Every structure is written in structure tokens, then in C-alpha cells.
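Welcome! Please take a moment to look over the sequence and the 3D view, and then we can walk through them together.

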Amino acid sequence: MQATAYTYDPESRSGQVLLDDGTPVPFDAAAFDAGGLRLLRPGQRVRIEVVGAEDALRITLVTLQTL
């Protein structure tokens, strides 16, 4: 699934992404670390992996979107 980085706190390595429909979804340090990223800037396109459904989505991985 693709999303856009919305917020990122380098201290906690957590933040939020916006899904393409505008829904914000938070991610924690574990999801950020799983993607091997060092930094995330608002506006970057990312690929995310999630578990759960609609109201209970939980991001398990955040990485940069590549072609």
C-alpha cells in the first residue's frame, strides 16, 4: 500500500502517514525500524505494510516508495 509521510519525530522514530484518501494513520518506532530508514520527510511517498482493517489499521513497515 502507498501513502504520503505526514509527520515524523526523529526522537521517537514515530509519526503519521496519510493514505491516498486523506486518512491519517500513525506508525511506531518498530514499523519505522523495520523499513531500514534513517530519516523521513513530510511529503515523501512511502510504501507501508499494514495489519487490521479500516478503523484498526496498524502499520508494520514504512519504507520509501521505489519504482
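Is threonine 66 buried or exposed? Threonine 66 is exposed, because its relative accessible area is 59%, where exposed means over 50%, buried means under 20%, and partly exposed lies in between (1.4 Å probe, protein chains only). Please keep in mind that this is a predicted model, in which local features need pLDDT of at least 70 and side-chain atom pairs count only at pLDDT 80 or more, while totals for chains, interfaces and linings use all residues. Residues are numbered from 1 along each chain as its sequence is written, and side-chain values use heavy atoms, with hydrogens and water left out.

**The overall picture**

- The protein chain has one helix and five strands; helices (H or I, at least four residues) and strands (E, at least two) are DSSP runs, numbered from the N terminus.
- Starting at the N terminus, the order of the elements is β-β-β-α-β-β.
- The chain is as compact as a globular protein of its length, because its radius of gyration of 11 Å is close to the 11 Å that the globule rule gives for 67 residues. This radius is taken over C-alpha atoms, and the globule rule is 2.2 Å times the number of residues to the power 0.38.
- Along the principal axes, the C-alpha atoms fill a box of roughly 30 × 25 × 20 Å.
- Of the 67 residues, 28% count as buried.

**Surface and charge**

**How the strands pair**

- Strands β1 (residues 2-9) and β2 (residues 14-19) run antiparallel and are joined by six bridges; two strands pair if DSSP finds at least two bridges between them.
- Alanine 5 has valine 17 in β2 as its bridge partner.
- β1 and β2 form a hairpin with four residues between them, and arginine 13 in the turn has a positive phi of about 55 degrees.
- β1 also runs antiparallel to β4 (residues 45-51), with three bridges joining them. Across this pairing, alanine 3 stands opposite valine 46, and threonine 4 faces arginine 45.
- Six bridges join β4 to β5 (residues 58-64), again antiparallel, and valine 46 stands opposite leucine 64 in β5.
- The hairpin of β4 and β5 has six residues between the strands, and glycine 52 in its turn has a positive phi of about 90 degrees.

**Two threonines to find**

- Threonine 63 is found in strand β5, and it is buried, with a relative accessible area of 16%.
- Leaving out residues up to four places away in sequence, threonine 63 touches Gly35, Leu37, Val46 and Arg47.
- Threonine 66 lies in the segment after β5.
- Threonine 66 and proline 24 are 42 residues apart in sequence and 21 Å apart in space, C-alpha to C-alpha.

Terms used: Contact = heavy atoms within 4.5 Å.
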